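Please keep the viewer open as you read.

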Amino acid sequence: MMLARLNTLLAGLLAAVLVLWLLVPFAMALLWSLVDPGTPWSYPDVLPPALSFQRWVLMWETTTLSTAMLNSYTLAPVAAITAILLAAPTAYAFGRIDFPGKGIAQVVTLTPLVLPGFVTAVFFASILVSFGVYSRYGAILLGHVVLFIPYAVRILTVSFAQVNQEVINAARDLGASPLGVFRAAFWPVLKPGVLASFLIVFILSIEEFALAFIVGSPSFTTIPTILFSYLGYDFIRPNAAVVALILVVPNVMLMLFLERLLQSANPANLSGKG
Amino acid sequence: MLHKLILGTTAALALATAAQADEALLSMNWDDIVAQAREEGQVTWYVWYFEPEFRAIVADFEAEYGITVTIPDVNAADDVLNKIIAEQGLDATEVDLIAMGGATALRIDPTELFMGPFLPVLPEAEARRDKIEGGDWQGHAVQFWGNQTGIGYDPDRVTEAELPQTIEQLEAWMAGNPGMFGFNFENGGSGPSLIHNVARNILGVTMDSTVTETPDLQPVYDWFIANEDNYVITASNADSITRMNAGEFSMIAVWEDHIGGLIRRGEVADRFKVYVPEFGMNGGGNVVAIPRNAANPAAAMVLAEWLSSAAIQTRFNAEFGTAPANAGADASFALIPTEDRANQTVWGAPLPSGDVVPAMIENVFQR
């Protein structure tokens, strides 16, 4: 009885925290986005003096937001898949093979993470120019893959290490082809790691600004290019609210979708039991 | 600081692949330059603020010259500078014209990155400027924007008689109104201007002093630490204005043109005012320059001339409250009272702000 009451109390407390932490800021952002242009919401007004959707229309029509969203949401999944495919062999080696210098090799793969973003972007862009890589999409894709491969390597290394050798042996003993062994022994364990890698590289690619700006501007704009300009010197809260709300919706939907996929991990594959 | 050091070092060491075409362009007469500009037909101008407003303004340039102007969205001028450095190896960069703060010339060598000197080629060149905020652009850039930092205030909450004019009055006002004064130390120059001038006054350095070595800043540190419960550090120029508009502050450090532009756009209350106290606030401006490998250098030069012309400078004064960057322009519409402009100080001298502000950040705000 006491326990049930405590659970109810804690659940209510958690709900209150979530409302304050998530719902109130979103509601404020929505309210700010509806402030009518030309009628500022200033102290001491408690509520905006005039509301309209005019700002939403203005922002959609006068910025390159739609193009930026298309560019970012086509670039990010390709960068994520490419990074996973390129990281997989390295992750397999780190996860399942012992070899001299393995520790050093693992540290070396983290090198792209060490330098500040703009420093990397400037010199990476110079290298691409010297190699004659002028395609903006290709250059940014290459840059994102190089920058974010360490994340995929680290995550997939753990996944590969968790693949149960007994399951592999059993599959082989039962006559499975290499592809069959992969599907039976590797994939169920790798799946959460692959999805996690995809999610992380996708998000990092979506929010990467330095390389996308230096290589892409002005013809290939991405979401951060737009977002940073509206959150920078020219920060106007209502405009920033519109841009932020437009951008948060697809990201939240994607997170929910991938969260469902991540929940399909089967612990029995790890323990070999069940 | 590290970022600026890397930026400056990279700029200094970067291989300069100067386009040969700019030498021919600089030797042409103005009419021929305009003709070449029309042939080029387009120009991409990178400016980090008021992009929507500038897009509307340059429509008149487009109509007059038949040259299409593209103004991309930008976060900061340093981002564009990084892009120019990165694309030095290209035959032609897409950055035709870049706007920067006047003091940027103190961090880079303008002759390495930018075409010129082109200022002497412009019509009525003597009315235009290339020395701003202690930086000398040696003709490789021209000032197109004049700005002044000051203290913005809400006259509904602070009367004119209460406005602090001296450091002591500022200290007393903050003590009597704790948490109502905000300024930034990064992401904008308004707060650093306040810090610089408070430091200068505490150290007893006047505008006609000669400073060969930066004095011990401990008294300045002590002043800011002693008063740290009474002021609020904001995230940026824009954050200060946003929070005064929301009622959190009664007074802020501010750029006159920044708040003037927002007032005219109807984004903040139109009752806000700005003044320059007797203890001084820095003024300066922004310049436009043409990368050496710009794809459309003639069009960029014509746009630079148009932006710095007396007519457009008068228009900027009327629409944004800027201090005109052309001697022939009208300065009647500024936000700051004319008599306050006598209190203008500069960034670089006699006490270099580059010696003061970083030390303040390290020893006071981020200690």
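This is a predicted model: local features need pLDDT of at least 70, side-chain atom pairs count only at pLDDT 80 or more; totals for chains, interfaces and linings use all residues.

As background, most residues other than glycine have a negative phi.

Phe50(B) also has a positive phi, near 50 degrees, and is likewise a residue other than glycine. You will find Phe50(B) in the loop between strand S1 (42-46) and H4 of chain B. Is Phe50(B) buried or exposed? Phe50(B) counts as buried because 22 C-beta neighbours lie inside 10 Å.

## Chain B as a whole

Stepping back, chain B is built with 14 helices and twelve strands. Its radius of gyration is 21 Å, in agreement with the value near 21 Å that a compact globule of 367 residues would have. Along the principal axes, the C-alpha atoms of chain B fill a box of roughly 65 × 40 × 35 Å.

How much of chain B is buried? Buried residues account for 51% of its 367 residues. If we take the contacts in chain B with a separation of 6 or more, 78% of them are between residues 24 or more positions apart.

## A helix pair in chain B

Next comes a packed pair of helices. In chain B, helix H3 (residues 30-40) and helix H12 (residues 297-307) cross at roughly 115 degrees, and their axes come within 7 Å. The crossing of H3(B) past H12(B) is left-handed.

Which residues make this contact? From H3(B) they are Ile33(B), Val34(B), Gln36(B), Ala37(B) and Glu40(B), while H12(B) brings Ala298(B), Ala299(B), Met301(B) and Val302(B). Sorted by class, the contact of H3(B) with H12(B) holds seven nonpolar residues, one polar and one charged.

## Chain A as a whole

Now turn to the other chain. Chain A has twelve helices and zero strands, and read along the sequence its pattern is α-α-α-α-α-α-α-α-α-α-α-α. Chain A is more spread out than a compact globule, because its radius of gyration is 24 Å, well over the 19 Å that the globule rule gives for 274 residues.

The C-alpha trace of chain A spans about 75 × 70 × 30 Å along its principal axes. Of the 274 residues in this chain, 34% count as buried. Among contacts in chain A with a separation of 6 or more, 72% come from residues 24 or more positions apart.

## A helix pair in chain A

Helix H3 (residues 65-96) and helix H6 (residues 136-162) of chain A pack with their axes 6 Å apart, at an angle of about 40 degrees. That angle makes H3(A) oblique to H6(A). The two helices, H3(A) and H6(A), cross in a right-handed sense.

What classes of residue form the contact of H3(A) with H6(A)? This contact divides into 22 nonpolar residues, five polar and one charged.

## Two cis peptide bonds in chain A

As a general point, most peptide bonds are trans. Tyr43(A) and Pro44(A), however, are joined by a cis peptide bond with omega of about 10 degrees. Pro44(A) sits in the loop between helix H1 (2-33) and helix H2 (54-62) of chain A.

Another cis peptide bond runs from Ser217(A) to Pro218(A), where omega is near 0 degrees. Pro218(A) belongs to the loop between helix H9 (210-216) and helix H10 (223-231) of chain A.

## Where the chains meet

Finally, look at how the two chains touch. The contact takes 31 residues from chain A and 36 residues from chain B. On the chain B side, helix H1 (2-13), helix H4 (51-65), helix H5 (77-86) and helix H10 (237-245) each supply at least two residues.

Which helix gives the largest share of the side of chain B that touches chain A? That share, five residues, comes from H5(B). By class, this side of chain B has 15 nonpolar, 14 polar and seven charged residues.

Conventions
Residues are numbered from 1 along each chain as its sequence is written. Chains are lettered from A and ligands numbered from 1 in the order in which they are written. Axes are lines fitted to C-alpha atoms, for helices over the stretch in contact, and angles run from 0 to 180 degrees between N-to-C directions. Helices (H or I, at least four residues) and strands (E, at least two) are DSSP runs, numbered from the N terminus. Angles under 35 degrees count as roughly parallel, over 145 as roughly antiparallel, 65 to 115 as roughly perpendicular and the rest as oblique. A crossing is left-handed if the near helix is turned anticlockwise from the far one by less than a right angle, and right-handed if clockwise. Ala, Val, Leu, Ile, Met, Phe, Trp, Tyr, Cys and Pro count as nonpolar, Asp, Glu, Lys and Arg as charged, and the others, Gly among them, as polar. Two residues are in contact if their C-beta atoms, placed from the backbone, lie within 7 Å. The radius of gyration is taken over C-alpha atoms; the globule rule is 2.2 Å times the number of residues to the power 0.38. A residue is buried if 20 or more other C-beta atoms lie within 10 Å of its own, exposed if 12 or fewer, and partly exposed in between; C-beta atoms are placed from the backbone.
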